[in-house]
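Visitor: I have a structure open and would like to talk through its architecture. Could we take it one part at a time?

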Amino acid sequence: MTDDAAAAPICLALPLPGPGDDRTGGCAAARAVNGRPLHAAALKFFWGPMDCGKSTMALQMNYNHARQGRRGLVTTRIDRSLGPQVTTRIGLAHSAVEVTDQLDLRDLVRDAWAEGVRVDYLICDEASFYDLAHIEQMADLVDNFDVDVYAFGLATDFRSCLFPAAQRLFELADEVARIQVEVLCWCGREGRLNARVVEGRVVREGEQVVIGDTVDSADVRYQVLCRRHYRSGDLGPRA
């Protein structure tokens, strides 16, 4: 190897290909020299029931990475605010890209790179509501373009069945971690399941995704219960 070759910069990020592209183009988003080897990116899925702090953790992770000079994009789908932002029950908020059926996450990164904006990672909140195609795109970003993807979401719906996107994340993710902030059922046991409550009763039929909150005043609300009380439909003593 010549001295000139040894001194040549190494590109750690390839451009996202368009239809028919062969992935052989030049570097669209050269990264800062940080010693990280090529293909070190990972797809990580952080999950838990409602109220366990998933969105809070997503924003904290974004802050931690940005503080170290990394650049990322924040995405969400059907946030409780019904707007293009990630919001938390403790009052934190951050603007975000709303993930629609038509959005390709790879195109999102491609467009940023085309504008000269480096993208090191994606924070994907409410990932359980994404389409299966979006999960495949996350894996593609990690495997082929060295972009980290951190997904946050529920595992199961109000029927205690896995969301399709969550199931695919369990299947594909390099790491899966249950968020350790403990949520309690009204009885004091660990809350594990998300019950949908309408007119004071646990319902077990209906659309998989219905917007609601955990406050008692909501027409459709959700309450985290232990397995025993989820199965019995016991919402506990009323205040």
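Visitor: Which residue of β11 stands opposite N194?

Guide: N194 has V224 of β11 opposite.

Visitor: What is the order of the strands in that open sheet?

Guide: The sheet has three strands, in the order β10-β9-β11, and their pairing is antiparallel. β10 (201–203) and β11 (220–225) are the edge strands; each has a single partner strand, so one side of each lacks a neighbour in the sheet. From one strand to the next, the twist averages 50°.

Visitor: Let us change topic. How many strands form the open sheet with parallel pairing?

Guide: Six strands form that open sheet, and the order is β5-β2-β6-β7-β1-β8. At its edges stand β5 (97–98) and β8 (175–178), each with a single partner strand, so one side of each is left without a neighbour in the sheet.

Visitor: And how many bridges join β1 to β7?

Guide: β1 (residues 43–47) and β7 (residues 148–153) run parallel and are joined by five bridges. Within this pairing, K44 has Y150 in β7 as its bridge partner.

Visitor: Which strands does α2 touch as it packs on the sheet?

Guide: Helix α2 (residues 54–67) touches β1, β2 (72–76), β6 (121–124) and β7. The direction of α2 makes about 160° with that of β7. Helix α4 also packs on the sheet, touching β1, β6 and β7, and its direction makes about 150° with that of β7.

Visitor: Staying with α4, at what angle does it pack with α5?

Guide: The angle between α4 (residues 132–145) and α5 (residues 164–172) is about 25°, and their axes are 9 Å apart. That angle makes α4 roughly parallel to α5. The crossing of the two helices is right-handed.

Visitor: Which residues meet there?

Guide: From α4 the residues are L132, I135, E136, M138 and A139; from α5 they are P164, A165, R168, L169 and L172. By class, the contact of α4 with α5 has eight nonpolar residues, two charged and no polar ones.

Visitor: How do the axes of α3 and α4 cross?

Guide: The axes of α3 (residues 105–114) and α4 come within 8 Å and cross at roughly 45°. The two helices are therefore oblique to each other. In this contact, L105, R106, V109 and W113 of α3 meet H134, Q137, M138, D140, L141 and F145 of α4. Six of the contact residues are nonpolar, two are polar and two are charged.

Visitor: Last topic: what is the mean pLDDT of the chain?

Guide: The mean is 84, and 82% of the residues reach 70 or more. Over residues 1–33, however, the pLDDT is below 50. Beyond near neighbours in sequence, that stretch has 46 contacts in the model.

Visitor: How should coordinates be read where pLDDT is low?

Guide: Where pLDDT is low, the predicted coordinates should not be read in detail.

Definitions and conventions: Residues are numbered from 1 along each chain as its sequence is written. This is a predicted model: local features need pLDDT of at least 70, side-chain atom pairs count only at pLDDT 80 or more; totals for chains, interfaces and linings use all residues. Side-chain values use heavy atoms; hydrogens and water are left out. Axes are lines fitted to C-alpha atoms, for helices over the stretch in contact, and angles run from 0 to 180 degrees between N-to-C directions. Helices (H or I, at least four residues) and strands (E, at least two) are DSSP runs, numbered from the N terminus. Angles under 35 degrees count as roughly parallel, over 145 as roughly antiparallel, 65 to 115 as roughly perpendicular and the rest as oblique. A crossing is left-handed if the near helix is turned anticlockwise from the far one by less than a right angle, and right-handed if clockwise. Contact means heavy atoms within 4.5 Å. Ala, Val, Leu, Ile, Met, Phe, Trp, Tyr, Cys and Pro count as nonpolar, Asp, Glu, Lys and Arg as charged, and the others, Gly among them, as polar. Two strands pair if DSSP finds at least two bridges between them. pLDDT is the predictor's confidence in each residue, from 0 to 100.
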